[in-house]
Amino acid sequence: MSRYSRFLRKAVLPLGSRLAGYGDFLPYLESLEASQWWSYDQIQALQNAKLRRLIAHVYEHVPFYRQVMDQRGLKPADIQTADDLVKLPIVDKKALTQHYDAGLRDHSIPRKQLIHATSSGSTAERLHYWTTKSQKAKKWAGLFRWWEMVGYEFGDPYVTFQLAPNQGFKGWPLVGRLEWLLLRHHWLSAQEMTDEVLAQYVENLRAWRPKLFRSYASTLYYLAKRMNEAGLNVHVPAILTTGETLTDHMRETIARAFAPGEVFNEYGGDGMQIAAECHEHQGMHINAETYIVEIVKDGKRVAEGELGEVVLTNLEATATPFIRYNIHDVAALTTAPCACGRGLPRLSHLEGRLTDMFVTSDGHWLTVHQFTAFFAKVHSVKAFQVIQKEVDFIVIKLVVDDHFSQADHQRIIDTFRGYMGPNVRFELQFVDDIPTTPVGKRRFFISEVIQGAPSKV
Ligand SMILES: [Zn+2]
């Protein structure tokens with residue numbers, strides 16, 4: 001550890017986080033740094049102890065769980081291990097948002113300590129829930145543990161690339177500014193990407209020499225693609241992509257722009273830091289001290305290695321409990337040891353969020369991967385977005401350059417026809433720009449029908 005990093009950890013961070021009310025941050029981070037090297041058995045024992053504590057608490061203080069457990073004839077003692085979770089119902093965004101302010105609230109926490117939060121949802125309704133400073137501190141600890149896993153230390157310069165800069169210490173502008181300065185945090189706006197902006201960004205990155213560059217996968221892919229086209233390269237040792245599916249093609253494109261840097265995928269959602277890749281790149285380690293992950297298909301758990309929907313239990317959240325929360329992403333689980341030595345189980349395949357996949361009326365899944373790989377080969381297409389308007393009606397928005405030909409047009413139609421089968425209608429729309437979402441993602445796929453639908457995986 002560098003001296004500067006040690007100074008930050010020993011002096012600045014404990015004081016700063018305690019002043020702002022986030023005193024749980026550093027102790028929790030330290031516990032995560034240690035327990036990641038435990039055996040899987042030890043980690044499971046920790047999970048089960050936390051689960052028992054959680055269930056006893058929500059039975060006492062969260063009306064929804066008192067009612068559900070009473071109806072099912074369950075007492076807290078009936079939930080001893082993660083395997084017992086199947087006795088409780090699976091909930092989703094809709095249920096949480098509907099009940100978060102009454103039935104699904106921890107009534108032992110004074111209202112003034114509750115912080116209202118919404119997820120950065122993409123197309124459908126937002127998730128509303130309560131959190132607390134303690135929960136947020138633990139969430140950040142989970143995040144920083146991932147950063148350390150890919151080589152970052154406190155004090156290393158890092159860059160975030162998104163629509164608006166994050167302020168860690170909301171409501172504490174001075175602490176926030178100080179945090180940026182001390183942590184050498186820089187920000188690039190993902191708002192526009194003209195040639196001048198691109199050149200400026202490359203210059204900034206060269207000057208700041210970040211150890212870590214973090215952004216939504218699609219946004220970073222777009223930047224990297226432009227850099228590659230312009231023959232620009234900046235070495236960044238660790239690139240963390242978040243928020244969306246990272247396809248192989250996207251990963252290669254990003255790796256080339258920041259060569260010889262390494263691309264790591266990080267998986268979070270609905271306010272949770274769930275999993276991230278280590279240097280082995282063999283799946284993503286789950287933040288298992290904080291989350292129990294179940295993989296579920298048609299409401300039932302599937303065997304290790306099988307694909308299904310990700311169902312999460314947040315062991316540290318009670319303000320709004322996330323117990324068996326179906327986040328509607330698709331993945332498989334492995335508990336086999338990783339060559340890095342960490343005992344944390346892994347998501348072996350993060351196939352993508354349901355919004356990165358379409359299902360047609362004949363039950364066929366289309367994945368974002370097929371489309372990014374295809375459009376990477378059509379050079380006259382600068383950007384694209386696929387929108388599923390109805391189950392069997394798809395709109396494809398394209399930004400094309402002067403080289404776009406009738407042959408390209410036909411190739412796109414033929415390819416999509418092949419992907420979707422004869423029953424799907426689709427329409428090509430030529431547009432000047434693909435706007436980013438309010439949080440700065442450039443979504444390739446938008447399904448206006450799939451969000452929240454039960455899985456048919
Ligand atoms: Zn590993």
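Trainee: In which sense do β3 and strand β5 (residues 212-216) pair?

Mentor: Happy to start there: this is a predicted model, where local features need pLDDT of at least 70, side-chain atom pairs count only at pLDDT 80 or more, and totals for chains, interfaces and linings use all residues. Residues are numbered from 1 along each chain as its sequence is written. Strands (E, at least two residues) and helices (H or I, at least four) are DSSP runs numbered from the N terminus, and two strands pair if DSSP finds at least two bridges between them. For β3 and β5 there are 4 bridges, and the sense is parallel.

Trainee: Which residue in β4 is the bridge partner of Phe161?

Mentor: β3 is also joined to strand β4 (residues 185-189), by 5 bridges in a parallel arrangement. In β5, Phe161 stands opposite Ser215. In β4, the bridge partner of Phe161 is Leu188.

Trainee: How many of the 5 residues of strand β3 (residues 158-162) are buried?

Mentor: A residue is buried if 20 or more other C-beta atoms, placed from the backbone, lie within 10 Å of its own; 12 or fewer make it exposed, and in between it is partly exposed. Across the 457 residues of the protein, 39% count as buried. β3 is largely enclosed by the rest of the structure, because its buried residues number 4.

Trainee: Leaving aside neighbours within four places in sequence, which residues is Ile254 in contact with?

Mentor: Two residues are in contact if their C-beta atoms lie within 7 Å. By that test, the partners of Ile254 are Leu220, Tyr221, Ala224, Ile239, Thr241 and Val263.

Trainee: How does α9 lie relative to α10?

Mentor: Axes are lines fitted to C-alpha atoms over the stretch in contact, with angles from 0 to 180 degrees between N-to-C directions. The axes of α9 and helix α10 (residues 248-257) come within 8 Å and cross at roughly 55°. Angles under 35 degrees are roughly parallel, over 145 roughly antiparallel, 65 to 115 roughly perpendicular and the rest oblique, so α9 is to α10 oblique.
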